[in-house]
Amino acid sequence: MSRTFVGMPAFPAAARAALADTQLRHNLAHATGVIRAKRAAVVAEVENWEELRLAGAAVKDRALRDLGTHLVDLEAALTAGGATVHWARDAAEACAIVATVAKAHGVDEVVKVKSMVTQEIGLNEALAEEGIAAWETDLAELIVQLGDDLPSHILVPAIHRNRAEIREIFLREMGGAGRPAPADLTDDPAVLAGAAREHLREKFLRAKVAVSGANFAIAETGTLVVVESEGNGRMCLTLPEVLVSVVGIEKVVPTWAELDPLLRLLPRSSTGERMNPYTSTWSGVTPGDGPQEVHVVLLDNGRTRALADDVGRQALRCIRCSACLNVCPVYERTGGHAYGSVYPGPIGAILNPLLKGTGDPQTDSLPYASSLCGACFEACPVRIDIPEVLVHLRSKVVDGHRDDTVPKAEAVAMKAAAYAFSDARRLAAVEKVSGLAGRVLGRFGRATLPGGRRAAGRIPGPGASAWTSARDLPAPPAESFRAWWKRTDGGRR
Amino acid sequence: MTSARDEILARVRVALAEVEPDREPVVAPVVTARPDVVGLFAERVADYRAVVERCAEAGLAEAVAAALPAGSRVVVPAGLSVDVEGAVVDGADGRVLSALELDGFDAVVTEARVGIAETGTIVLDHGAGQGRRAISLVPDKHVCIVRSDQVVPDVPDAIVLLDPSRPLTWISGPSATSDIELDRVEGVHGPRVLHVIVVG
Ligand code: SF4
């Protein structure tokens, strides 16, 4: 993957571009709808799902509240199991460690299991600079990599590509990266998957070094856990001689037994399955089985910054299931690229500012990429209160801009809202004005939203125009709710 | 210069200065026991579009032979409790098959450590009769023998039985992907056919 998210425009601009892409919107709506239905069915099957969520949240909280102790335990257990433990403060350190291991074995390529953390640190680009090719082996990642594209969904990174586009990419690009696609390739998903199998198998069989992430790291036993579907994970974790796993420090689970609720929560929330096809666990080196040289890189890269935030800390509970993406009305319409980060959707809107800190315009726009509807919290298997963290981060962003000479549009809008909401009479007055505006806009608005509602399009004027330039607002009703209630005595007249 | 390790641990200490640790492990809720766990296991494995059959101990050798198409090249681990005619034993005479050699086999027959009814999952701990991880991965067909007394109701029951110091492979159906327009397709890199024989 040669493209990165660096220098992405702020969410509003990127979202406007994405919204105009109807193919993308169609694919996303289909995909998120399908996953939502699957998830709902397998979640309903579990009699004590809510208790299980509480347990999952409690396990991750317990891990985070004493993270130092658990990290030291993890290091000791891994070392006892024959693994080499490295620590990396940031992306550059982590990439350098992986490159050093690869170079020590004289390889010019590594195979990779899909891992968000290696995308976060830009590992593929860093290795490329050292002359080492990193082959993505997850089907979706392969599609993204061959298409010289960016992933748009945690779970289904190529959710924005349809089968015809994928066939095109395979025919055009596979030959340059290794075994070409067969000339008679059709766009049947089974045939496309078969082509990926053939293309990647030669790479698996010859690979000396593999790179993975981990879904969980058990402090007590030094066990790493990788959850996957296709078997490319098993290939990477089993066949090469050397394995390097990059693990965010928040992946720690204190004990082996506490893995239980997380393994029950993740697949149902993620792919909507009772269990994912393959889960691999390993604790260091097993003589005669799998890689005989095992490295683990424990990565900070902003996690301790998030940990220090009392409200935001809960975001580190995230097990990257992507349920919050699939229920998010904003994500469903804009897709993942608009978030300008490997972590898109509701979790991305809080995780990116927490990891990076506020101050950068792109990051600062993310906490506003939400309608605060709360669907993400309901879906989250570890009960991260995303709306609470969003509101908290918005206030941080506003605080960060206190000294700006030109106030941020959102800050103005929020201040006006706070002023209006703080007094019922003022709220009534504002609603009357917006009702009036609604009547005016009702006459001029041309666009129509799905369901036949009129869209207001952009509202002119400072502040409001910045807000609405990225949002096609439904035109306000001609009469406010309060005015209607008064006129009709709550519908009785 | 402080090491990355010391600096990260120091940052963690600062971040959590006011936070009280919670020393009691969390115990997750369990589900109400179901009457027929072996039946449920078979049903749930089949839901993943795996082939599932049940047989008596006496009929096992026959069931295994029938699961392997005539003429297929078969690899088995040392210590398998059933004889598979013509199969190559991995590690026999101290010769471990390379990944490339494994790619030349059509099928593998192994046993398992535990079966999980609720999720239709088979867990291998790669002990005797199961072999190292590579042999149940590279061939395209995996015939897996699970004994009915190895089947437990749910994930927590399996976690208690499993030894995390061993490598573990949890298998729930054949390899699959939904990466292309969310159409589930069986078989990308792992075995494309999973054939489970439940004994007893
Ligand atoms: S925030 Fe929750 S729902 Fe969203 S990806 Fe993380 S764990 Fe899943």
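This is a predicted model: local features need pLDDT of at least 70, side-chain atom pairs count only at pLDDT 80 or more; totals for chains, interfaces and linings use all residues.
Two strands pair if DSSP finds at least two bridges between them.

Strand β4(B) covers residues 107-111 and is mostly covered, with five of its five residues buried. In a regular strand the side chains alternate between the two faces of the sheet. Here Ala107(B), Val109(B) and Glu111(B) point one way from β4(B), while Val108(B) and Thr110(B) point the other way. The residues of both groups are buried.

β4(B) runs parallel to strand β7(B), residues 141-147, and five bridges join the two. Within this pairing, Val108(B) stands opposite His142(B) of β7(B). β4(B) also runs parallel to strand β2(B), residues 74-76, to which two bridges join it. There Val74(B) is the residue opposite Ala107(B).

| Strand pair | Bridges | Direction |
|---|---|---|
| β2(B) and β4(B) | two bridges | parallel |
| β4(B) and β7(B) | five bridges | parallel |
| β5(B) and β8(B) | two bridges | parallel |

**A sheet with strands of both chains**

An open sheet of eight strands has the order β8(A)-β5(A)-β6(A)-β9(A)-β9(B)-β6(B)-β5(B)-β8(B), and its pairing is mixed. β8(A), residues 252-253, and β8(B), residues 151-152, stand at the edges; each has a single partner strand, so one side of each is left without a neighbour in the sheet. For β8(B), two bridges join it to β5(B), residues 114-116, and Gly115(B) stands opposite Val151(B).

**Thr279(A)**

Strand β9(A), residues 278-282, contains Thr279(A). Is this residue, Thr279(A), buried or exposed? Thr279(A) has 0% relative accessibility, and because the cut-off for buried is under 20%, Thr279(A) counts as buried. Its side chain makes a polar contact of 2.9 Å with the side chain of Asn276(A). Leaving aside neighbours within four places in sequence, Thr279(A) is in contact with residues of chain A, namely Val225(A), Val226(A), Val227(A) and Leu263(A), and with Leu168(B), Thr169(B) and Trp170(B) of chain B.

**The ligand shell**

The ligand is surrounded by residues of chain A: Cys318(A), Ile319(A), Arg320(A), Cys321(A), Ser322(A), Cys324(A), Ile347(A), Cys380(A), Pro381(A), Val382(A), Ile384(A) and Ile386(A). By class, this shell holds 10 nonpolar, one polar and one charged residues.

Note on methods
Residues are numbered from 1 along each chain as its sequence is written. Chains are lettered from A and ligands numbered from 1 in the order in which they are written. Side-chain values use heavy atoms; hydrogens and water are left out. Buried means under 20% relative accessible area, exposed over 50%, partly exposed in between (1.4 Å probe, protein chains only). Helices (H or I, at least four residues) and strands (E, at least two) are DSSP runs, numbered from the N terminus. A residue is near a molecule or strand if one of its heavy atoms lies within 4 Å of it. Ala, Val, Leu, Ile, Met, Phe, Trp, Tyr, Cys and Pro count as nonpolar, Asp, Glu, Lys and Arg as charged, and the others, Gly among them, as polar. A polar contact is a pair of N or O atoms within 3.5 Å; within protein, one must be able to donate a hydrogen and the other to accept it, and residues adjacent in sequence count only if both atoms are side-chain atoms. Contact means heavy atoms within 4.5 Å.
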